[in-house]
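Biologist: Please show me the chain, and let us discuss how it is built.

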Amino acid sequence: EIIVAPTIEKLAQRLGGGSGGGDSLIVPLRETGARVPLFCIHPGGGHLMGYRDLVSCLDNDQPVFGVRAPELDGAQKSPTVQELALRYIPEIRRVQRSGPYQLCGMSFGGIVAYEIATILVDQGEEVALLALFDTGNPAYYKNLSPFVLLRFKSIYLVDRLRKYFRNMMRGAIGNVAADIDLFFRSRIRHLVWKTGRKISKHMGRTMPKQLRSNVDLFADASRAYIPRPYNGEFLLFVAEGRTAEYGIDKTLGWGEVAGNVLRVIQTPGDHTSMMTRPHVEALAKQIGERLVGSEPGHKLDI
């Protein structure tokens, strides 16, 4: 039996009362519809804006709920992927009390969605859909053999040099400068975040808001994550524009833990643009064909 709160008002009541749903991490992206809900897990930034175009491309009868990140300072509150999953499952159950569940996640959100699915299956629940959007298995890339790691880095270096050379030949010097600037700024930001976290931990204080970074916090959690084998079917959408070094393993490392069925689907765009129009339309079509529809015995709490 599935029981879903299909309106903002009823969802707010179920999540703790009030028009804003209290401290709930659930965000209704489309609260109406008679189908089994789709839950979208936040990516590394912690917000859900990246799912807007996907939701607009899905059938109007498809309810979609996002799971946003909690407020985390990164020093005193620095959860693992498993801890995030265990925190999000009760939130999901307050909207949908039992399976079949449908989960998806882009980038870091795919890792958390995978862990949520693994836990739900362990609890005896059915996961009808698990979809990862351009999500790599961090344990695979962390434990590359010396030979594969050398090959990975070599392809990375050659690919970037070719890209810079092409831009320079076209006179697009600004693109080269922007790439180099982004490279250094991201590393400086990460260094500042790591330093701020270390000092805050040592002093027993929360990290100042100006230094907090969900991107760095969740990247840190991702690097420490070791996924368990998953015996259900799941989909991996890989951006066609992903950089060349990731072509070493078309499953982005998930083949090592995939059980019964792992389906890899190439989708237009790069890591970011695959989730925006027009590229996301192809992804939404693939997802839409696999979503569970209204079936006898699925009770909606209307």
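Modeller: Of the contacts in the protein chain with a separation of 6 or more, 80% join residues 24 or more positions apart; contact means heavy atoms within 4.5 Å. This is a predicted model, in which local features need pLDDT of at least 70, side-chain atom pairs count only at pLDDT 80 or more, and totals for chains, interfaces and linings use all residues. Residues are numbered from 1 along each chain as its sequence is written, and side-chain values use heavy atoms, with hydrogens and water left out.

Biologist: Is glutamate 115 buried or exposed?

Modeller: Glutamate 115 is found in helix α4 (residues 108-122); helices are DSSP runs of H or I with at least four residues, numbered from the N terminus. Buried means under 20% relative accessible area, exposed over 50%, and partly exposed in between (1.4 Å probe, protein chains only). Because its relative accessible area is 4%, glutamate 115 is buried.

Biologist: With which residues is glutamate 115 in contact, leaving aside its neighbours within four places in sequence?

Modeller: Those neighbours within four places are set aside for glutamate 115. The residues in contact with glutamate 115 are then Val81, Gln82, Ala85, Tyr225 and Arg228.

Biologist: Which class of accessibility does phenylalanine 183 have?

Modeller: Phenylalanine 183 is found in helix α7. Its relative accessibility is 34%, so phenylalanine 183 counts as partly exposed.

Note on methods:
Helix = DSSP H or I, 4+ residues; strand = E, 2+ residues; numbered from the N terminus.
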